[in-house]
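Please look through the sequence and the model that follow, with attention to charged side chains and to the pairing of strands. The explanation below takes up these two topics in turn.

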Amino acid sequence: MDWNAWHGKYDVADSWMARRLRTVQSQTRAALDDAPAGPLKVISLCAGDGRDLLHVLSDHPRRHEVRARLVELDARNTAAAAEAARLAKLDQVEVVMGDASLIDHYRDMTPADLVLVCGVFGNITDSDIEGTIDACNQLCRTGGTVIWTRNRAAPDRVPMICDWFGEQGFELQWLSEPGAGYGVGVHRFAGTPRLLRTGTRLFEFVGYDVLRQRETAQSG
């Protein structure tokens, strides 16, 4: 799949992708508003062109308190994110072109105040979703926030994702309505962060289209 072209669908005003983006941005803004005073750390896995975070930071009153790292494999998306950060004069935003599943990319950024896992859970297997959630308590500080997305196509995995977060010490703060056409969740970490397990791969990014083909073949 062409992930750079895929982002163009965000520009269709009333598409489900545009509505999901606005929801993620709204929840990102709320998380920054509610974070404790002082410097903040934000990490974004599979960040795409960065619009989940950068469009919020560009005019947020705490923009200069935020140190952020966006990790994305697609070179065109990372170039777009880096240019957006430059134009917005977000000097503490670092855009890394690399495999977001490698936990070492976040080594000096954890535990973070805000972790964005958007556009990930719909593109990886169930076991990798669970494993990534299991690692979120290495990425997130006590009281920190994880914002995540997942499509609600059958079989709907959103309830299971919420259960998995709960098992790792996260409390549900907000969840989009089932009929919204997309799934966005916000969880706050109430536990104690674990030490980062360096050398760990969190997931294999399979792709929504490939996963659907596998499911169709299995059901047939």
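In this predicted model, D108 and R67 form a salt bridge in which the closest N and O atoms are 3.1 Å apart, a salt bridge being a side-chain nitrogen of Lys or Arg within 4 Å of a carboxyl oxygen of Asp or Glu. Because D108 lies in the loop between β3 (93–97) and β4 while R67 belongs to strand β2 (residues 66–72), the pair ties together parts that are 41 residues apart in sequence; here helices (H or I, at least four residues) and strands (E, at least two) are DSSP runs, numbered from the N terminus. D108 is partly exposed, with a relative accessible area of 42%, and R67 is likewise partly exposed, at 30%, where buried stands for under 20% relative accessible area, exposed for over 50%, and partly exposed for what lies in between (1.4 Å probe, protein chains only).

D108 also forms a salt bridge with R69, and there the closest N and O atoms are 2.6 Å apart. Since R69 lies in strand β2 and D108 in the loop between β3 and β4, this pair ties together parts that are 39 residues apart in sequence. R69 is buried, its relative accessible area being 7%.

A further salt bridge joins the side chains of D74 and R76, at 3.3 Å from N to O; D74 is buried, with a relative accessible area of 15%, whereas R76, at 42%, counts as partly exposed. Salt bridges that share partners join R67, R69, E94 and D108 into one network, and the count of salt bridges by this rule comes to 14.

Strand β1 (residues 40–45) runs parallel to β4 and is joined to it by 3 bridges, two strands being paired if DSSP finds at least two bridges between them; S44 stands opposite L116 in β4. Strand β5 (residues 140–149) also runs parallel to β4, with 5 bridges joining the two, and A112 stands opposite C140 in β5.

Together with helix α5 (residues 126–139), β4 and β5 make a right-handed β-α-β unit, right-handed meaning that, with the strands pointing away from the viewer, the path from the first strand over the helix to the second runs clockwise.

Residues are numbered from 1 along each chain as its sequence is written, and side-chain values use heavy atoms, with hydrogens and water left out. As the model is predicted, local features need pLDDT of at least 70 and side-chain atom pairs count only at pLDDT 80 or more, while totals for chains, interfaces and linings use all residues.
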